Every structure is written in structure tokens, then in C-alpha cells.
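User: I am new to this structure and would like a close look at one part of it. Please start there, then widen the view.
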Amino acid sequence: MEEVAALAGLSKRTLYNNYADKGALFTQIVTDAFAYADQFAHGLATEFEGITAANLPAALHGLGRRLALAILRPEVIALRRLLIGESRTFPEFPEKYFNAAPGRVLLSLASGFERLRHVKLLAAADSRRAAEQFAYLVVGAPLDRAILLGKIPAKEHIHACARDGVETFLARYTIVPPKG
């Protein structure tokens, strides 16, 4: 709490006036992350509605960039590192966070990929697995580096990784129309 107060430019007394203890502060931080992820996931639902064969690559490239930039934010990396570091003290938080944040986004992606499968734009028999693969392809390696090393890559690198990940995803899942 002393370190948090110092980083926030507050006295410990002010911090304790707002949060009874470390658990209360941690709960608030995680709750705020849930709200951001929920908003992002909700936006995904409508985003998939406008995808057609003509705009599929562009739409998924845009989605991949937004997903990567949403995840590779300093506050998300800091929270994930904090969750890992505090998992013994607060063992319930990592699962709650996963279900409410990355898990919710993955469910929205899976729902969108299922819709694209139904309209015969993607050949993804398991939409949940396709969502997990999409997410890892566009952000996995930079996310691992950011969490383990505490350094977020440059925006250009994030965009390049997302672009390459989407291209790999499209190569695997795009339905190629028959010739002739």
C-alpha cells in the first residue's frame, strides 16, 4: 500500500481512507478492468454483423489491430503482472479476471466467428478454438514479452504482429470459393 500511495502521489492515509486494505484496492482495480473488457467484448458483437466476403480481410485486420492495442496497454500489462504476483494472496482473482476479461472477449470472438462460419466465410468448425488462435496469433508473443519483461513493444511492432497473425488466421480459415 505504501508503494501504491507513492506511485499515485497520495499519502498512505488518503489511500486507506478510500480503500480499507490491499484486498479492497485490488478488487477495485480488477473490477475496472472487467468494465473495460466488457465494453470491448460488447463492441465485437456488432462489428461482426457487417462482415462480407468483400471486406473480410480488412475487417479482421482492423479487429486484430484493435485487439492487440487493447491488450497491450500499460494498465492491462501491469494488472496481469499484478495478478500473477498476488495469486497466492488472492487466488480467486486470476480466474475471475480471466472469465470476465479475456474470457469474455474470447466468447465474443467465438460468437462472431460462428456467425462467419454460418454465412460460409470461415471454415472454423470449432469457433472457440478459432477465437483462441486468432487472439494468440495477433497478440500472443508481444503479450508474453510484455508480461515477462515489463516492456510494451512499439505500436509499429504491435501492428506488424497483428497483421501477420491475421494473415496466418485467414490462410487457415478462409473459405476459398470454387473456381469456374
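Leaving aside its neighbours within four places in sequence, which residues is Arg73 in contact with?

Analyst: Leaving aside neighbours within four places in sequence, Arg73 is in contact with Tyr36 and Ile152. Contact means heavy atoms within 4.5 Å. This is a predicted model, in which local features need pLDDT of at least 70, side-chain atom pairs count only at pLDDT 80 or more, and totals for chains, interfaces and linings use all residues. Residues are numbered from 1 along each chain as its sequence is written, and side-chain values use heavy atoms, with hydrogens and water left out.

Arg73 sits in the loop between helix 4 and helix 5 (74-85). Helices here are DSSP runs (H or I, at least four residues), numbered from the N terminus. Is Arg73 buried or exposed? Arg73 is buried, at 17% relative accessible area. The cut-offs are under 20% for buried and over 50% for exposed, with partly exposed in between (1.4 Å probe, protein chains only).

Another arginine, Arg66, lies in helix 4. Arg66 counts as partly exposed, at 39% relative accessibility. With neighbours within four places in sequence left aside, Arg66 is in contact with Phe40 and Glu47. Between Arg66 and Leu79 there are 13 residues in sequence and 19 Å in space, C-alpha to C-alpha.

Now helix 3 (residues 22-47). Its 26 residues should span 38 Å at 1.5 Å a residue; the end C-alpha atoms are 38 Å apart, which agrees. The expected span is 1.5 Å times one less than the number of residues. Gly23, Leu25, Phe26, Val30, Ala33, Ala37, Phe40, Ala41 and Leu44 are buried in helix 3.

Ala41 and Leu44 turn up again in the contacts of Ser108, along with Phe48, once neighbours within four places in sequence are left aside. Ser108 belongs to helix 7. Ser108 is buried, with a relative accessible area of 9%.

How does helix 7 pack? Against helix 4, the angle is about 175 degrees and the axes are 14 Å apart. Axes are lines fitted to C-alpha atoms, for helices over the stretch in contact, and angles run from 0 to 180 degrees between N-to-C directions. Helix 4 is therefore roughly antiparallel to helix 7. Angles over 145 degrees count as roughly antiparallel, under 35 as roughly parallel, 65 to 115 as roughly perpendicular and the rest as oblique. From helix 4, the contact takes in Leu56, Leu60, Leu63 and Leu67; from helix 7, Val105, Leu109, Phe113 and Leu116. By class, that contact has 8 nonpolar residues, no polar and no charged. Ala, Val, Leu, Ile, Met, Phe, Trp, Tyr, Cys and Pro count as nonpolar, Asp, Glu, Lys and Arg as charged, and the others, Gly among them, as polar.

Helix 7 (residues 102-118) also packs with helix 6 (residues 92-100), at about 25 degrees and with axes 3 Å apart. Helix 6 and helix 7 are therefore roughly parallel. Tyr97, Phe98, Asn99 and Ala100 of helix 6 meet Pro102, Gly103, Arg104 and Leu106 of helix 7. This contact has 5 nonpolar, 2 polar and 1 charged residues.

Next, the aromatic rings. The structure holds 6 aromatic pairs. Rings of Phe, Tyr and Trp (its six-membered ring) pair if their centres lie within 6.5 Å; planes under 30 degrees apart count as stacked, over 60 as edge-to-face and the rest as tilted. Phe48 and Phe113 form an edge-to-face pair, with 5.5 Å centre to centre and 85 degrees between the planes. Phe48 lies in the loop between helix 3 and helix 4 (56-71) and Phe113 in helix 7, so the pair ties together parts that are 65 residues apart in sequence. Both Phe48 and Phe113 are buried. The pair of Phe90 and Phe93 is tilted, because the ring centres are 5.6 Å apart and the planes stand at 50 degrees. Phe90 is buried at 12% relative accessible area, and Phe93 is buried at 6%. One aromatic cluster is formed by Phe48, Phe113, Phe134, Phe169 and Tyr173.

Beyond helix 7 comes Lys120, in the loop between helix 7 and helix 8 (127-149). Lys120 is not a glycine, yet has a positive phi of about 60 degrees. Lys120 is exposed, with a relative accessible area of 62%.

Last, His157 is in helix 9 (residues 155-173). His157 is partly exposed, with a relative accessible area of 36%. His157 and Arg80 are 77 residues apart in sequence and 21 Å apart in space, C-alpha to C-alpha.

Note on methods. Helices (H or I, at least four residues) and strands (E, at least two) are DSSP runs, numbered from the N terminus.
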